[in-house]
Amino acid sequence: MKATEPTLRTFATVWAALMVLLALTVGVALFDLGPLSLAVALVIAVTKAVLILLVFMHVRYGSREVLVFAGAAYLWLAILLVGTFHDYVTRNWLPGPPAQRRQSSGR
Amino acid sequence: MNDPGTRSGGGAEGMEPLHSHFASREQQREATTLGMWLFLATEILFFGALFLAYAYVRWSFPAVVQQASRHLELVMGTINTGVLLTSSFAMAVGVLFAEQGRHRAAAKALAATALMGVAFLMIKGSEYAAVIHEGFLPGFTANLEPVSRPGGGYAGLLSEGGGPVPGQEELFFWLYFVMTGIHAIHVAIGVGMLTLLAWWMRKPHPASRASLNTVRNAGLYWHFVDLVWVFLFPLLYLAGHRFQP
Amino acid sequence: MKFPLLPDQASLGAGEVDRLMLLLLGVTVFFLLVTAGPILVFCFRYRRGNRVNRVLDPRGGFRLELTWTLIPLTIALGLFGASAAVYFRQRHPPEDAIEIHVIGRQWMWKVQHPQGKREINELHLPAGVPIKLLMTSQDVIHSFFIPAFRMKQDVLPGWLTTQWFVPTKTGSFPLFCAEYCGTDHSRMVGHVTVMPRPEYVQWLTTGVQEESPALAGERRFRQLGCSGCHVGQSAVRAPALNGVFGSVVPLQGGRTVIADERYLRDSILLPNKEIVDGYAPMMPSYQGQISEEELLALVAYLKSLGAGSAGNAPGVAAPVFAPASRQEGGAP
Amino acid sequence: MNALPATRREPPEEANYLSAHTLRSWLLTTDHKRIGLLFLFGIIGYFLIGTAAAALVRLDLVTPQGDLLSAEMYNRMFTLHGVVMVWFFLIPSIPSVLGNFVLPLMIGARDVAFPRLNLLSWYLFMIGGGVTLYAILAGGVDTGWTFYTPYSTTYANPQVVTMVAGIFINGFSSILTGLNFIITTHKLRAPGLTWFRLPLFVWTLYATALILVLATPVLAMLLLLVAVERFWGIGVFDPAQGGDPILFQHLFWFYSHPAVYIMILPGMGVVSELVTCFARKRLFGYPFVAGASVAIAVLGFLVWGHHMFVSGQSIYSGFVFSLLSYMVAIPSAIKVFNWTATLYKGSISFETPMLYAIGFIGLFTAGGLTGLMLAATAVDVHVSDTYFVVAHFHYIMVGGMVLAFMGGLHYWWPKITGRMYPDLAGRLAAVVTFIGFNLTFFPQFVMGYLGMPRRYHSYPEEFQFYHILSTAGASILGVGYLLPVVYFLWSLKRGKRAPANPWDARGLEWTVASPPPTHNFHDIPEGIRPPYDYPTPATPPFTSPS
């Protein structure tokens with residue numbers, strides 16, 4: 001944890017970084033990267049979010065409890081998403097007997 | 001806020017009246033900050049349920065989401081994100097000035113943040129108008145007459161270009177309007193709060209109603225609203241690649 | 001006023017579920033004895049005013065805690081394993097089961113046998129033969145529940161669910177709707193009548209002769225113009241449907257899915273949900289134009305198209321799917 | 001509970017938190033003790049409404065064809081029973097009544113962290129309740145308390161949105177209470193009161209507050225989406241649009257299963273207090289019981305899928321949720337074993353609170369173990385949506401939570417009102433409740449396994465015998481609930497004046513007068529003793545790993 005309190009300059013640099021990341025995410029999204037495009041967009045969004053959380057919201061300069069509370073909220077969001085999605089992902093893994101799952105002759 | 005139980009001291013401390021049941025200002029500040037963070041935790045999960053609905057639609061209809069996402073106003077969305085990020089910067093500066101006791105500068109910064117919030121809402125409004133005008137408001141045609149939907153099939157969108165037939169795009173645009181709508185409501189609440197705070201802080205007398213903790217909490221709330229938009233923007237606007245080689 | 005404790009065991013699976021239930025009952029009685037027993041003894045022995053040795057040895061606390069954490073943990077894992085095995089069998093229909101279509105709608109069950117015979121709130125079954133129910137709903141969520149078979153499965157609108165059983169005991173057993181579905185949820189009941197096999201075959205031929213779902217499906221297939229794209233060398237590129245049922249279909253975006261009844265049904269109503277790799281999403285949605293019965297009939301017809309048989313039905317093009325190179329192992 | 005006239009022969013009371021009697025002093029109070037009482041009035045009212053609906057349902061079920069109510073009215077009654085009991089009695093009762101009253105006293109604080117938010121929580125509770133009552137009077141809702149789509153969004157009658165709004169508002173009351181308790185426990189503990197010296201009731205309230213804060217927002221969004229789908233006609237739960245009714249069930253049970261832990265955890269905390277006080281003995285394995293409380297709160301969030309084994313959810317998810325449901329049973333088992341061990345070599349007296357506590361341990365264990373049967377996917381396929389499930393959750397809710405609430409209310413009644421209630425009448429009520437409860441709900445287990453479905457207005461004849469037994473039990477249970485109302489009201493006027501520590505219990509709340517002064521402690525208590533250090537012969541001082 002950086003002990004020193006944030007100054008105007010820190011905020012300005014973070015602001016600039018956010019603007020660059022915004023331009024980056026829009027630029028990257030113009031091209032078709034297939035499934036990768038979602039991953040890149042999310043990575044950039046998470047970095048922007050972490051920047052805002054740490055500097056603008058003083059998580060970095062506040063007490064450790066704040067970090068625990070913020071982390072817990074995102075962890076619970078992850079529980080909701082993962083818990084629901086392991087249903088959607090596996091819903092089509094049909095329990096059909098092996099014969100039923102043979103491969104159809106390709107083109 | 002000052003209720004009977006507070007003992008307000010002078011100077012910068014005046015900005016932070018101590019309530020009776022707290023032992024010290026330090027304890028009170030930590031308690032209010034933690035309390036605000038807990039409230040933000042509930043907001044994260046409140047929006048989280050919506051993001052789950054988005055994840056379901058994107059998982060079930062990937063092609064549709066890509067097609068429909070291209071019909072959103074990318075330029076307006078990008079400007080809006082820029083405006084909100086800048087307002088977050090202004091908010092952080094405002095809180096910094098308040099902590100340094102420079103009331104007038106803090107009031108101006110808060111007013112600037114509120115102004116940018118209003119700008120965000122106006123851009124959002126015009127974006128809605130544009131999208132509705134193209135007939136993408138689910139359940140309505142371009143000139144807003146309700147469409148009787150046997151089972152979600154309305155002529156509108158995309159069928160002329162041989163693209164996916166309507167029915168599931170309504171889900172994407174429904175998500176678009178619900179997610180950005182609820183976010184816009186939060187922005188509006190934030191703007192209202194910030195204008196009130198800026199008004200209270202412009203005259204620096206000790207018993208001013210805007211205590212330092214309130215300003216800090218307003219800052220946390222505003223940064224959170226910006227945080228939600230940071231995720232909303234790519235998921236809704238950048239779902240489909242725009243550049244056709 | 002007879003008051004039975006166990007419902008009749010009328011299906012192969014019923015005995016298994018009852019045995020598992022008795023095991024769980026045993027565990028419950030064991031834990032009740034291990035807690036309520038000592039509590040009653042301590043309450044009596046250590047009641048206030050009763051002069052008895054109360055010197056307490058504080059050691060051994062942690063070891064005791066460990067024992068009554070690990071023992072319940074192992075028992076719990078054992079119970080999970082036992083029930084998971086039975087559940088796995090409960091949800092694995094054999095391939096040669098007789099498929100009966102069930103459609104739930106607000107406050108009645110409509111049943112259709114593969115030979116075409118229809119029933120309302122009644123289900124006649126042959127004994128000793130595996131039966132697979134293919135179920136969907138026309139409005140809200142229902143649940144096809146036969147206590148005697150210990151079997152239940154929710155019936156969802158817009159989704160196809162299945163359940164299977166092997167009726168053993170002949171007789172008539174109650175049928176309930178178990179998921180709350182509105183005002184007359186409690187009147188959505190009926191009877192399941194299990195008959196010896198020859199009697200069932202004979203029963204099928206009585207009453208009005210109906211067209212079998214597969215034939216009705218083929219008629220509807222042509223009426224709706226599906227054959228225009230999916231059959232023969234048509235100008236429009238659409239996947240041929242011969243032998244599609246049960247095969248692994250590679251989708252756009254790299255995922256693959258098994259072409260089961262649900263996939264066939266979804267492809268008709270929500271064509272752009274799972275688009276086959278290498279094809280443009282141009283199939284129109286038939287939402288609102290096909291009733292649930294016709295949908296099930298179409299699914300039955302598509303399944304009859306060379307499912308398992310090597311030869312092509314006359315006039316139906318060879319199966320056309322993505323290149324064989326995109327091979328994945330069979331679904332787990 | 002308005003004026004407390006000092007009768008002639010008793011000395012005039014010195015000023016305490018009940019002294020001011022103006023309406024404004026009640027409706028604008030920020031004193032956690034008064035807000036606790038305000039909540040008590042609220043939940044008693046809603047409990048009566050919920051019980052009335054239950055009585056109508058039970059009477060209607062006496063005959064197979066259900067002669068008392070029409071099918072439509074029956075559906076409205078069980079929905080009313082579900083909604084009012086879950087959101088307006090079970091969830092707020094122990095945290096908002098006993099918790100609000102006792103938590104600051106137990107940790108040596110003058111009040112909760114945000115007193116004004118605490119009052120706002122009560123107002124939101126009453127407004128939410130009012131809106132729900134309006135929805136009931138304006139025609140009622142027949143979707144069941146679960147509001148499953150697409151029935152609730154496309155087929156149910158128009159009052160659904162009003163009731164959903166009522167529950168939405170009430171949700172924020174839960175969030176504010178939870179938020180208040182977490183910050184109070186973190187920040188306002190008396191100096192020297194470390195986490196491992198806190199009474200168990202504070203631990204369970206903290207764990208409950210975690211769930212309140214982390215689960216309720218998902219319910220709020222879900223109800224908002226249901227309302228949006230009813231108005232707009234389009235929504236992500238509508239299968240015709242490609243939506244998924246099972247997505248609704250995922251979001252609903254993500255809230256509702258942790259909600260059942262919101263209901264039971266405070267009850268466990270109360271029982272830990274009662275068992276230690278009336279056995280005059282330290283709690284056995286304090287750190288394990290405290291850890292188990294938080295473990296239940298956290299694990300409770302992972303298991304919601306066991307409500308959906310037959311709902312069309314994927315089989316493999318069923319295995320995952322079934323395994324996790326077995327894991328969540330372990331902390332509850334640890335708690336029950338530790339209570340049993342606490343009774344060993346104690347000197348046990350059987351006042352009313354202790355009877356309720358022992359009743360709780362027995363019935364909660366039975367309820368919890370039938371939960372193991374439901375977590376077994378294979379058995380759940382047969383018993384899901386039958387009376388077996390109804391019996392299971394009533395064993396936990398009524399057998400567990402209501403008994404613990406009654407026990408806690410009797411235990412802290414002298415502290416709240418300054419009056420003693422007649423103990424003999426209390427014991428009678430406890431025994432009558434225990435008998436009535438078992439006669440009501442045990443036959444439902446048998447009926448459930450026989451296949452009697454839930455929410456049925458009319459049923460086949462062979463179940464009538466069990467229904468009659470259950471209705472008979474319900475009437476006894478009704479008597480068991482009415483008795484305390486009688487002697488509690490009696491005790492307000494003519495009860496013996498309660499000393500500061502009637503049970504000679506340990507804990508900071510017993511060091512202040514009863515009823516306590518407005519600001520709880522004249523000066524913040526120092527020299528905190530380890531929790532429950534009851535003197536027992538030749539016991540070396542308990543060294544808690546603080």
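These legends go with close-up views of a predicted model, taken one at a time. In this model, local features need pLDDT of at least 70 and side-chain atom pairs count only at pLDDT 80 or more, while totals for chains, interfaces and linings use all residues. Residues are numbered from 1 along each chain as its sequence is written, with chains lettered from A and ligands numbered from 1 in the order in which they are written.

**View 1. Where chain C touches chain D.**
Chain C puts 72 residues into this contact and chain D puts in 73 (residues are in contact if their C-beta atoms, placed from the backbone, lie within 7 Å). On the chain C side, α1 (12-45), α2 (61-90), β6 (142-146), β7 (151-155) and β9 (171-177) each supply at least two residues; helices here are DSSP runs of H or I with at least four residues, strands are E runs with at least two, and numbering starts at the N terminus. The biggest giver is α2(C), with 15 residues. Sorted by class, that side has 45 nonpolar, 15 polar and 12 charged residues (Ala, Val, Leu, Ile, Met, Phe, Trp, Tyr, Cys and Pro count as nonpolar, Asp, Glu, Lys and Arg as charged, and the others, Gly among them, as polar).

**View 2. α1(C) against α12(D).**
Here α1(C) meets helix α12 of chain D (residues 352-375), with axes that come within 9 Å and cross at roughly 165°. Axes are lines fitted to C-alpha atoms, for helices over the stretch in contact, and angles run from 0 to 180 degrees between N-to-C directions. The two helices are therefore roughly antiparallel (that label takes angles over 145 degrees; under 35 is roughly parallel, 65 to 115 roughly perpendicular, and the rest oblique). Among the residues that meet are C:F31 and C:I39 in α1(C), and D:T365 and D:L369 in α12(D). The contact divides into 14 nonpolar, five polar and no charged residues.

**View 3. α9(D) against α12(D).**
Within chain D, α9 (residues 245-278) packs on α12(D) at about 125°, with the axes 9 Å apart. That makes α9(D) oblique to α12(D). Contact residues include D:V271 and D:F278 from α9(D), plus D:M354 and D:F360 from α12(D). By class, the contact has nine nonpolar, one polar and no charged residues.

**View 4. The open sheet of chain C.**
Five strands run in the order β3-β2-β1-β5-β8, with mixed pairing (strands pair if DSSP finds at least two bridges between them). At the edges stand β3 (118-120) and β8 (161-165), each with a single partner strand, so one side of each has no neighbour in the sheet. From one strand to the next, the twist averages 25°. Strands β1 (98-105) and β5 (131-137) of chain C pair in the parallel sense over seven bridges, and C:H101 has C:L134 in β5(C) as its bridge partner.

Conventions: Contact = placed C-beta atoms within 7 Å.
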